[in-house]
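Subject: Structure handover and side-chain findings

Hello,

Here is the structure for you to look over. My notes on its side-chain contacts follow below it.

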Amino acid sequence: MSSIIIGAFIFLILLWVDFQIGKRHFQKKAPKVTFPLEPTKYELITRGDIFFKQLFKDVKQAKTRISISFFTVRNDQISKDMFKLLKEKAETGVTVKLNVDWFGSITLKRKLIKDLRASGVHVRKSNPPSFPFFFYRLNRRNHRKITIIDDNISYLGGFNVGKEYLGADPKLGDWRDYHIKLVDKQMALLLQNIFDYDWEIENKPALERNPTKPLKGNKSFTIHITEAGQLEDLLVKWLQQAKHSISIGSPYFIPSERVFDCLLQACAKGINVTVLVPAKADHPLVKPTAFPYYRKLLAAGGSVHFYNNGFYHAKISLIDDNWADLGTANFDKRSLFLNQEINLKMSGNKEMIAPIKDAFLKDLKSSFPATEDYLNNQSVKAKISCWIGKLVEGLL
């Protein structure tokens, strides 16, 4: 028995060493660029049926190339509908590329991939585990979700491809997400640049800075790509700029110490801090692991609300009346330090962020406020899950 314990201890140490060395390796390689853009009109999409209807319509009308990247693509009917469209377009001579995350799309069958390739669709899986740094690579995810069509139409946000995103999962119910569609050549070319960077498994091309003229005035869009800790620095910088309010929408809430301290300090300054998370859980550990953070935030004067009109998967931050961030990053340590993410920051005036703020306020009305009694009156199972989750929260 003692030899088994010693062996297990040595194994855990080796995993820890692998993870730490891998983390340092990828931190050194991580791109440190941002892409400022002139603001443009966008359409906010919050329902899966509308998202897929518009996406498929634009794919059908593509003339030259289609580049699609999702974290998760299933084997279900909505996924097969997309595969059919992609094959049809590839067979007409359109260049079609589909990039999915190895882990997020682990159920995507080889037969389907082979069938796509036979029709001319280029398919790749990002981040397959490999040596060196096997354990670190096993936890590294390409969580970016972008689509670029004909270098003109682009999509960015939280939707993946699967029946749950249509609200067809009976456990989770209606699905609430935030995704944006833009018809803008400058944005499309920039996202294509990022897609190409992710596509190249080896000999990654340099990410080109956006070749725009200096921005005029104080209104702007900025694309941030993060994948090895840069997001924490950005969040700290953004949150410290708040003067009146901070609103956060996320399916998961496990912030780093630095980021959480910013929220507590904001509460101490009298800034209104509001967090919106789902009442339902799609993971056995994530929801209960967040409860200690909720208790501290409530004690500091902040508020936490549980969305109970289905599952809430949006990833947004709102600061004061003229700043918003929307993208693929959750408010958790995995998105902060491990995942490859993409976020669009909008700053300027109320009109620019109004659609996002209105959606958030609407969703807030479909929620109930967390109380100390609610957080404390959890099942034994939830309390055990919280204890387990605290041990591995950096990987959740």
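Start with Arg144: at 0% relative accessibility, Arg144 counts as buried (buried is under 20% relative accessible area, exposed over 50%, partly exposed in between, with a 1.4 Å probe and protein chains only). Please note that this is a predicted model: local features need pLDDT of at least 70, side-chain atom pairs count only at pLDDT 80 or more, and totals for chains, interfaces and linings use all residues. Residues are numbered from 1 along each chain as its sequence is written, and side-chain values use heavy atoms, with hydrogens and water left out.

Salt bridges

Which residues does Arg144 join in a network of salt bridges? The network links Arg140, Arg144, Asp198 and Glu227. A salt bridge here is a side-chain nitrogen of Lys or Arg within 4 Å of a carboxyl oxygen of Asp or Glu. The count by this rule is 15.

Asp198 bridges to Arg144 at 2.7 Å, N to O. This pair links distant parts of the chain, 54 residues apart. Asp198 sits in helix H6 (residues 185–199), and Arg144 in the loop between H5 and strand S6 (146–149). Helices (H or I, at least four residues) and strands (E, at least two) are DSSP runs, numbered from the N terminus. Asp198 is buried, as is Arg144.

Glu227 also forms a salt bridge with Arg144, with the closest N and O atoms 3.1 Å apart. These two are 83 residues apart in the chain. Glu227 lies in the loop between strand S10 (220–226) and helix H7 (230–239). Glu227 is buried, with a relative accessible area of 4%.

Elsewhere, Asp58 and Lys181 meet in a salt bridge of 3.0 Å, N to O. Asp58 is in helix H2 (residues 48–60) and Lys181 in strand S9 (residues 179–183), 123 residues apart. Both Asp58 and Lys181 are buried.

Aromatic pairs

The whole structure holds 28 aromatic pairs. Rings of Phe, Tyr and Trp (its six-membered ring) pair if their centres lie within 6.5 Å; planes under 30 degrees apart count as stacked, over 60 as edge-to-face and the rest as tilted. Phe26 and Tyr136 are stacked, at 5.3 Å centre to centre and 20° between the planes. They bring together helix H1 (residues 2–29) and helix H5 (residues 134–138), 110 residues apart. Phe26 is buried at 8% relative accessible area. Tyr136 is buried at 0%.

Phe131 and Phe134 have ring centres 5.1 Å apart and planes at 25°, so this pair is stacked too. Is Phe131 buried or exposed? Phe131 is exposed, at 69%. Phe134 is partly exposed, at 31%.

Arg141 lies over the face of Phe103, 3.9 Å from the ring centre. The rule for a charge over a ring: NZ of Lys or CZ of Arg within 6 Å of the ring centre and within 35 degrees of the ring normal.

Cores

One aromatic cluster is formed by Phe253, Phe260, Phe291, Tyr293, Tyr294, Phe306, Phe331, Phe368 and Tyr374. Phe253 turns up again in the largest nonpolar core, which has 76 residues. Phe253 and Leu263 have the most contacts inside that core. A nonpolar core is a set of buried Ala, Val, Leu, Ile, Met, Phe, Trp, Tyr and Cys residues joined through side-chain atoms within 4.5 Å.

Phe253 touches several residues, including Leu263, Val275, Val277 and Ala290, not counting residues up to four places away in sequence. Contact means heavy atoms within 4.5 Å. A second, separate core has 39 residues, among them Tyr42, Tyr178, Trp199 and Ile342.

Best wishes
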